[in-house]
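Me: Hi! Could you walk me through the charged pairs in this one?
Reply: Happy to, here it is.

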Amino acid sequence: MSEYETEFSQFPNKKITLHGFKNVDDTLAPVINQINDLRSKGLYDQAARIIHNNSDVLSQYVADAVTFRTWEEEIYNAQKYARQVQQSVFLDEAEPDDCQEGDVWIGGRVS
């Protein structure tokens, strides 16, 4: 049985996280414009402060590093899970690095 990444994802033991992001609307546009304006001027600390102070609202609209890391782990775990439930046959001189338990490796010289 493969080991899955579990820092941000619990798949396949639990369902993949559904985030439900919203599109930016007129109520949030001024905050987004202010953040973008500060970033364009190189005022990253001020932009970060605005993001921190509005994190409860912004988290519904903007994916952050934790969200991207979650997606990355869940895709990785889904790939490992999918490879386990489908047996592969390898015809190769040396055993491939990506063989999973249950796969078939037919070794020897391949012509």
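**Salt bridges, one by one**

Me: I'm looking at helix α4. How far apart are arginine 69 and glutamate 72 in it?
Reply: Helix α4 covers residues 65-85, and arginine 69 and glutamate 72 are three residues apart there, so about one helical turn separates them. Keep in mind that this is a predicted model.

Me: And what do their side chains do?
Reply: The two side chains meet in a salt bridge, 2.9 Å from N to O.

Me: Where does glutamate 73 come in?
Reply: Glutamate 73 also forms a salt bridge with arginine 69, and here the closest N and O atoms are 3.7 Å apart. Both lie in helix α4, four residues apart, again about one turn. Taken together, salt bridges with shared partners join Arg69, Glu72 and Glu73 into one network.

Me: Nice. Is glutamate 73 buried or exposed?
Reply: Glutamate 73 is buried, because its relative accessible area is 1% and the cut-off for buried is under 20%. Glutamate 72 is partly exposed at 48%, and arginine 69 is partly exposed too, at 30%.

Me: Changing topic: how many salt bridges does the structure hold?
Reply: It holds three.

Me: Which residue pairs with lysine 41?
Reply: That's aspartate 37, and the closest N and O atoms of this salt bridge are 3.1 Å apart.

Me: Why does lysine 41 count as exposed?
Reply: Because its relative accessible area is 55%, and exposed means over 50%.

Conventions:
Residues numbered from 1 in each chain as written. Predicted model: local features only at pLDDT ≥ 70, side-chain atom pairs only at ≥ 80, totals over all residues. Heavy atoms only, no water. Salt bridge = Lys/Arg side-chain N within 4 Å of Asp/Glu carboxyl O. Buried < 20%, exposed > 50% of the residue type's maximum accessible area, 1.4 Å probe, protein only. Helix = DSSP H or I, 4+ residues; strand = E, 2+ residues; numbered from the N terminus.
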